[in-house]
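The sequence and structure follow.

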Amino acid sequence: MQNVLSIVKTNVNEMYVKEFLLYMRSDKGARPKTLIGYETDLRRFISHFSTRDVLELRQQDLREYKFSLVDAGLAPRTVNRAISVIRSFYEYFVDHDDYDLTKNPAKHIQGMKVPRTMPITLGEQQAKTLLDGIMLTGRYAVRDYAIFATFLYTGMRVSELISLKTYDVNFEDNYIHVRDGKGGKDRLIPMIPQLSNALQIYLQTGIVYEEASKNASRSTVNRYKCGRSYFVHGPDDHTLFLTQEGKQYSRKGIDWLFKGYTKRLGIYKEGLSLHALRRSCLTYLHKQGVDLFILKEISGHARVQTLEHYLAIDNSKVLDAMKAHPLHNHHIDRGLVEMVRGSR
């Protein structure tokens, strides 16, 4: 009987998950990667309550589930994400009259406190070492320099960079068009001359280089003449950055390239990732006084608060900023205080 009950409850819970994911995909426009994350968290959730209808759970059940995730060794951020997904899951069924659910049992489940750690970034000198080292040692120096200059001068996401097309780079008005970024949003990122020059050389636009012969052996190919046309094989889909095989880069492929250069140049450190290049760019700009709201537009974040997780900000800089307050030098007028006291 217990096994039959388990099968019945599992089937109905599966139905809930499928309905919710369909809603997230069709109505909310959630991305495939987002949907995979939601599904992973929800399947873990319904598996934990395999003999119960999850729409009948109470707040105490969800609180106990949260601590089961902690006991399983999941990181605070992972636990918080799982609770956030479950909260959205219940909110959907509360909003639909077809289900007899009037309150969201996950609404008041508090998240775990996340330890604040200093974000890992490349120092300014390390960033210069990376770019200079690529030009001095890179097998395909022009292409690789353009890739990492784009990271460091725009702060765009890895997924955005590998999806760029040649027509997204506008040299006339000096901007890069990031299409369909996180949340399905487009944005324009201005290009400074150094980045524009790097991309022009790679695209061989305005600066003409001899096209390297594709029939030549690697040892005889001039790495400074390997512009984008060298990597095009067959029909051209206008992907901006191409692999040696003429294909769009994967995240793993770019990461392999990045780790190779940083280790060879002696600037690799534990925890250094491609995302550190994004953080580095935003941190450099913030240190130069760029407003957080402008950084939000450059980075494509929906909220300014999200930048707190990306910026490696020296606390002394925050204090210096507070000293810029126009009332910083204002002091209490002791005479006025005594006069007020005396009038009582």
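Which residue in E2 does Val169 stand opposite? Val169 stands opposite Ile176 in E2.

## Basis of the model

The model is predicted: local features need pLDDT of at least 70, side-chain atom pairs count only at pLDDT 80 or more, and totals for chains, interfaces and linings use all residues. Residues are numbered from 1 along each chain as its sequence is written, and side-chain values use heavy atoms, with hydrogens and water left out.

## Overall composition

The protein chain contains 14 helices and three strands. These elements are DSSP runs numbered from the N terminus, where helices (H or I) have at least four residues and strands (E) at least two. Of the 344 residues in the protein chain, 39% are buried. Buried means under 20% relative accessible area, exposed means over 50%, and partly exposed lies in between (1.4 Å probe, protein chains only).

Contact denotes heavy atoms within 4.5 Å. Among contacts in the protein chain with a separation of 6 or more, 60% are accounted for by residues 24 or more positions apart.

## The three-stranded sheet

The three strands form an open sheet in the order E1-E2-E3, with antiparallel pairing. E1 and E3 stand at the edges, each with a single partner strand, so one side of each has no neighbour in the sheet. Two strands are taken to pair if DSSP finds at least two bridges between them. Strands of a sheet pair through backbone hydrogen bonds, either parallel or antiparallel.

Strand E1 (residues 169-170) is joined to strand E2 (residues 175-178) by two bridges, and the two run antiparallel. E1 and E2 form a hairpin with four residues between them. E2 also pairs with strand E3 (residues 187-190), in the antiparallel sense and over four bridges. In this second pairing, Tyr175 stands opposite Pro190 in E3, and Ile176 stands opposite Ile189 in E3. The covered face of E3 carries Arg187 and Ile189, whereas Leu188 and Pro190 are on the uncovered face.

## Helices H3 and H4

Helix H3 (residues 59-71) packs with helix H4 (residues 76-94) at an angle of about 150°, their axes being 10 Å apart. That angle makes H3 roughly antiparallel to H4. Axes are lines fitted to C-alpha atoms, for helices over the stretch in contact, and angles run from 0 to 180 degrees between N-to-C directions. Angles under 35 degrees count as roughly parallel, over 145 as roughly antiparallel, 65 to 115 as roughly perpendicular and the rest as oblique.

On the H3 side, Leu62, Tyr65, Lys66, Leu69 and Val70 meet Val79, Ala82, Ile83, Ile86 and Tyr90 in H4. By class, the contact of H3 with H4 comprises nine nonpolar, no polar and one charged residues. In this classification Ala, Val, Leu, Ile, Met, Phe, Trp, Tyr, Cys and Pro count as nonpolar, Asp, Glu, Lys and Arg as charged, and the others, Gly among them, as polar.

## Tyr65 within H3

Tyr65 lies in helix H3 and is buried, with a relative accessible area of 1%. Leaving aside neighbours within four places in sequence, Tyr65 is in contact with Asp41, Arg44, Phe45, His48, Phe49 and Ile86. Tyr65 and Val79 are 14 residues apart in sequence, and their C-alpha to C-alpha separation in space is 10.0 Å.

## Helices H6 and H11

Helix H6 (residues 141-154) and helix H11 (residues 274-287) have axes that come within 6 Å and cross at roughly 45°. H6 and H11 are therefore oblique to each other. Phe148, Phe151, Leu152, Tyr153 and Thr154 in H6 meet Leu274, Leu277, Ser280, Cys281 and Tyr284 in H11. The contact of H6 with H11 has eight nonpolar, two polar and no charged residues.

## Positive phi angles

Asn174 is found in the loop between E1 and E2. Although Asn174 is not a glycine, its phi is positive, at about 55°. Asn174 is partly exposed, with a relative accessible area of 32%.

His238 is found in the loop between helix H9 (228-231) and helix H10 (251-264). His238 has a positive phi of about 70° and is likewise not a glycine. The relative accessible area of His238 is 37%, and His238 is partly exposed.
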